[in-house]
Amino acid sequence: MSKPKLLTISGSLRKGSFNRMLLGEAERAFGDAEVTRADLNLPLYDGDLEEAEGVPSAVQTLAEQVKNADAVVISSPEYNKGITGVLKNAFDWISRVEGMPFKGKPTVVMSANAGRTGGETGQFMVLSCLVPLQAHVIPGPMLCVAAAGKEFNDDSRMTNDHYLKVLGGKMDALRAAT
Ligand SMILES: Cc1cc2nc3c(=O)[nH]c(=O)nc-3n(C[C@H](O)[C@H](O)[C@H](O)COP(=O)(O)O)c2cc1C
């Protein structure tokens, strides 16, 4: 049997992003898979750009990655208690691509933030945005990593057993949904 295709999406573009680190842990917890890491460095959605040039190739690539994935994991910080601009922009572009790439896609959402609520408010906004995209969001306890700077070591590994346990449960459920 071929390996499941796992797509990970970080709502932070930062190289040293704690959400990227959390996605690394998610990849390990998910187990054997063909992993693709999405690149959300996309032009800003602009209806004029779309009309003049069509959907940009970087967006087409992302939409194909979503469409071809068996499972998707999104980890994003909240910015000012909301969804990050890059993640919202990616959702807006994806919604303009034919074929509803997220429709029925088993998807887990989580967040890591410096603050003490771990990005919970922003995570609710991410979940709201996935409703019109018709993603199949895997239910379960929310994973909101608070004070993220204290929860990863120098090797970018999560050191908090509670978070790792919640993550493990979420990845088991995601794998089972593929
Ligand atoms: C524009 C901006 C807004 C932020 N807003 C919040 C916030 O609402 N809540 C919070 O806990 N941290 C907030 N932070 C701090 C982030 O949690 C912190 O920078 C975190 O490391 C970002 O995630 P990353 O490491 O994946 O890039 C904000 C940071 C930035 C740059």
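Which residues of H6 are buried? I noted Tyr-163, Val-166, Leu-167, Gly-168, Lys-170, Met-171 and Leu-174, taking buried as under 20% relative accessible area with a 1.4 Å probe and protein chains only.

The model is predicted, so I kept local features to pLDDT of at least 70 and side-chain atom pairs to pLDDT 80 or more, while totals for chains, interfaces and linings use all residues. Residues are numbered from 1 along each chain as its sequence is written, and side-chain values use heavy atoms, without hydrogens and water.

H6 covers residues 161-176; helices are DSSP runs of H or I with at least four residues, strands runs of E with at least two, numbered from the N terminus. Its C-alpha span, first to last, is 22 Å, close to the 22 Å expected, that is, 1.5 Å times one less than its number of residues. The cover over its buried residues includes S1, H1, S3, S4 and S6.

Next I looked up the largest nonpolar core, which has 27 residues. Such a core is a set of buried Ala, Val, Leu, Ile, Met, Phe, Trp, Tyr and Cys residues joined through side-chain atoms within 4.5 Å. H4 gives the most to this core, with 5 residues. Phe-102 is among the residues with the most contacts inside it.

Last, I checked Ala-135, in the loop between H5 and S5. Ala-135 is buried at a relative accessible area of 17%. Leaving out residues up to four places away in sequence, Ala-135 touches Phe-102, Gly-104, Lys-105, Thr-107 and Leu-130, where contact means heavy atoms within 4.5 Å.

Conventions: Buried < 20%, exposed > 50% of the residue type's maximum accessible area, 1.4 Å probe, protein only.
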